[in-house]
Amino acid sequence: MSNAKTSNDVLLEVKDLKVYFPVHAGVFQRKVADVKAVDGVSFTIKRGETLGLVGESGCGKTTVGRAVINVLRHVSPGVHVSGEVNYYEKDGTVTNLLALSTKNMRAYRSKIQMIFQDPFSSLNARLSVKQIIAEPLEIHQPNLSAAEVNDQVVWLLEKVGLQPEYAARFPHEFSGGQRQRIGIARALSTKPDLIICDEPVSALDVSVQAQVINLMEKLREEFGMSYLFVAHDLSVVYHISQRIAVMYLGNVVEIGTSDQVYFNSTHPYTRALLSAVPVPDPERKDKQRIVLQGDIPTPMNKPSGCGFRTRCPIAKPSCADAPPLLDTKSDGRLVACPYVQVGEPMGV
Amino acid sequence: MSNTTTTQAVSESQSETYGQFVRRQFKKNTMGMVSLYVVFGLAFIALFADFLANEKPIIASYQGGVSTPVLKGYAVSLGLMQWTTEETQRDWKTVTYDWVISAPIPYTMESVDKTAISLKDRAPSSRHWFGTDDIGRDICAGIIHGTRYALSIGFIAISIALAIGVVLGLIAGYYGGWVDILISRIIEIVISLPTFFLIITIVAMLQDTVREGRIFLIMSVIGLTSWTSIARLVRGEVLRVKTMEYVTASKALGFSSMRILFGHVLPNSIAPVLVSAAFGIATGVLIESSLSFLGFGVPPTVITWGSMLFRVKASINAWWVGLYPGIMIFLTVSAYNLIGDALRDATDPRLRQ
């Protein structure tokens, strides 16, 4: 691959990722349509970087995370996944994870890990904390002795801020925040380069959210990992991410640095999304709310061309022709709309 | 931070495995423990039936020598020794011993008390604690020897049912698709068969070909027809469990399908199955009793609790003929059901007390 991006700092490159779930109906369960959950998503994650992935529910952000970690075909048999998820080793070798067999994928399992949204169903209630954290160690480092595994478990528990004495307890004895820490320890146990964080704090109280977010931030700096941080809460994503990608109806509509996206959003959808973020300042009246008309279209029957055109305040007839490509704007960000410019009001 | 002390703290406090946890929780359930002891008691009776009810003495000194006729009985049935002609002719009760340790119930299930003819003689008394049936066989001896069949019927039948049901349910639930459709249809076909009449038909058909092992035929048929509910239960549980995020996590961690299936999915799906299995043992005992009561069960020479109930028809006024085997069936069935309940509570860490 003679790409300019094959420099040392790229860890993962997602290229034209498409995930279609077939819809079956009728007596003979014939395929009648596809749910185009992800429809041509591309982005890169650098080493040590947190990429935030935001969008409203149903836009396909969770599916992107699960496609990157390559578990979709196990979770939903019959799913159609295409595109590339290229994993870059430190020495420059590139592997397309989606093309790997289940057996060959196993070697890469330790390098990409996942933290889940629901801290209650993401831990096996029948296993003690020690068993939960030790099991991946036993799989990926089978030559460790029992004492070494024990040391690792203690070390990991301390890293995530839990007392080593908790190792003997079972998951139901912990609060949501503590369970999420156990999930983080499990993900860390294989020393991954990338952790997919699937809404890791949206099930937690706000006070606990901050603790877990700060812990994740501390761990990222210490271990030099990257995060793909999937969430719908923009302020949380802004806090933890270096760059943010915004998704709408299975497509990325805008990618830029956190400040670019958060303070100076450009795509009409991003502008509308950010104007909906509540600002805790009763004096501030200047903020202009953009209220979108209509509902999000079904991913089973997407509009032609730009997916956002049915709700876009500046839609033009030509928007129905072809899906807009990600367009590099003046400050380097990518926006999937040719009719808007950075810093300019919409509607030109 | 002293790393060694914390490590020690972990290894000490974490000494409890899941099995130990379940055992500790189970012990807190009084009814479950009582039932467990009832089953242990039944197992003891089944194991030592020959020493508890036997017309031959356990150890006796007579004719100038010490002998152990019960143990010799085992040796004979294994083909190691032979009864002497004198011994086969002998009526062990009339022998004059120098000293003797005899079984507490001095009858086997086959021994007929020819003096017990009138209803009054056959009623429970100091000679026959639980009375005798219409041809003078001791009820208590029958119950003791019948325990063997009662226990083995339940266990063998449910083992067959579990082996088939758990495997098919796991495969159907976990792999889904056409495998699931195929297995579900098979389950529905088997469920639609009227089990009891199927068993009666099979037993009636094979009555002449299978003589010796009729009891095993009945066990197998009960097992082969009662796996469907277990398979359905396992399938449903697996469908529920496999959508849990810890299964996705296991996949993301690169665990093999076998490890996920047997290490994560099965343990989380098995608790209702254990309960169902305990009920299944109870049902197995009941089905055998019903079959024997109707006369389709074991041959007349084999005494099970069910076939003892069958004798009630021959002497309708003798309440003891039906009562004691009935109590035993009730006790056994209830014990298994209560064990199942206690097991369900103990296997769920969320119900930790």
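Modeller: Let us begin with strands: two strands pair if DSSP finds at least two bridges between them. The model before us is predicted. In chain A, strand β1 (residues 10-25) and strand β2 (residues 30-46) are antiparallel partners joined by 13 bridges. Within this pair, Val19(A) has Val38(A) of β2(A) as its bridge partner.

Biologist: How many residues lie between β1(A) and β2(A) in their hairpin?

Modeller: Four residues separate the two strands of the hairpin, and Gly26(A), in the turn, has a positive phi of about 85°. Strand β1(A) also pairs with strand β4 (residues 80-88) of chain A, in the antiparallel sense and over seven bridges. There, Lys15(A) is found opposite Glu84(A) of β4(A).

Biologist: What is the order of the strands in the open sheet of eight strands in chain A?

Modeller: In a regular strand the side chains alternate between the two faces of the sheet. The open sheet of chain A runs β6-β7-β8-β3-β9-β10-β12-β11, and its pairing is mixed. Its edge strands, β6 (112-115) and β11 (327-328), each pair on one side only. Further in, β9 (residues 243-248) and β10 (residues 251-257) of chain A form an antiparallel pair with six bridges. One of the residues paired there is Val246(A), whose bridge partner in β10(A) is Glu254(A).

Biologist: Which helix packs on this sheet?

Modeller: Helix α1 (residues 61-68) of chain A does so, touching β3 (50-54), β6, β7 (194-198), β8 (226-231) and β9 of chain A. The direction of this helix makes about 150° with that of β8(A).

Biologist: Which residues have the most contacts inside the largest nonpolar core?

Modeller: In soluble globular proteins, nonpolar side chains tend to be buried together. Here the largest nonpolar core has 175 residues, and those with the most contacts inside it are Val68(A), Leu228(A), Phe229(A) and Val246(A). Helix α8 (residues 139-175) of chain B supplies the largest share of this core, 18 residues. Beyond its neighbours within four places in sequence, Phe229(A) is in contact with several residues, including Leu51(A), Cys197(A), Val237(A) and Ile240(A).

Biologist: Why does Phe170(A) count as buried?

Modeller: Phe170(A) counts as buried because it has 22 C-beta neighbours inside 10 Å, and 20 or more are required. Phe170(A) lies in the loop between α5 (146-159) and α6 (176-188) of chain A. Leaving out residues up to four places away in sequence, Phe170(A) touches Ala125(A), Ser128(A) and Pro349(B).

Biologist: What covers the buried residues of α11(B)?

Modeller: An α-helix has 3.6 residues a turn, so residues three or four places apart point the same way. The buried residues of α11(B) include Ile215(B), Ile218(B), Met219(B) and Ile222(B). Their cover includes α8, α9 (177-192), α10 (195-205) and α14 of chain B.

Biologist: Finally, how many residues of chain B are in contact with chain A?

Modeller: On chain B, 26 residues are in contact with 32 residues of chain A. The elements giving two or more residues to this side of chain B are α1 (3-13), α13 (245-252) and α14 (257-294). By class, this side has eleven nonpolar, eleven polar and four charged residues.

Definitions and conventions. Residues numbered from 1 in each chain as written. Chains lettered and ligands numbered in written order. Predicted model: local features only at pLDDT ≥ 70, side-chain atom pairs only at ≥ 80, totals over all residues. Core = buried A, V, L, I, M, F, W, Y, C linked by C-beta atoms within 7 Å. Buried ≥ 20, exposed ≤ 12 C-beta atoms within 10 Å, placed from the backbone. Contact = placed C-beta atoms within 7 Å. Nonpolar A, V, L, I, M, F, W, Y, C, P; charged D, E, K, R; others polar. Axes fitted to C-alpha atoms, helices over the stretch in contact; angles between N-to-C directions.
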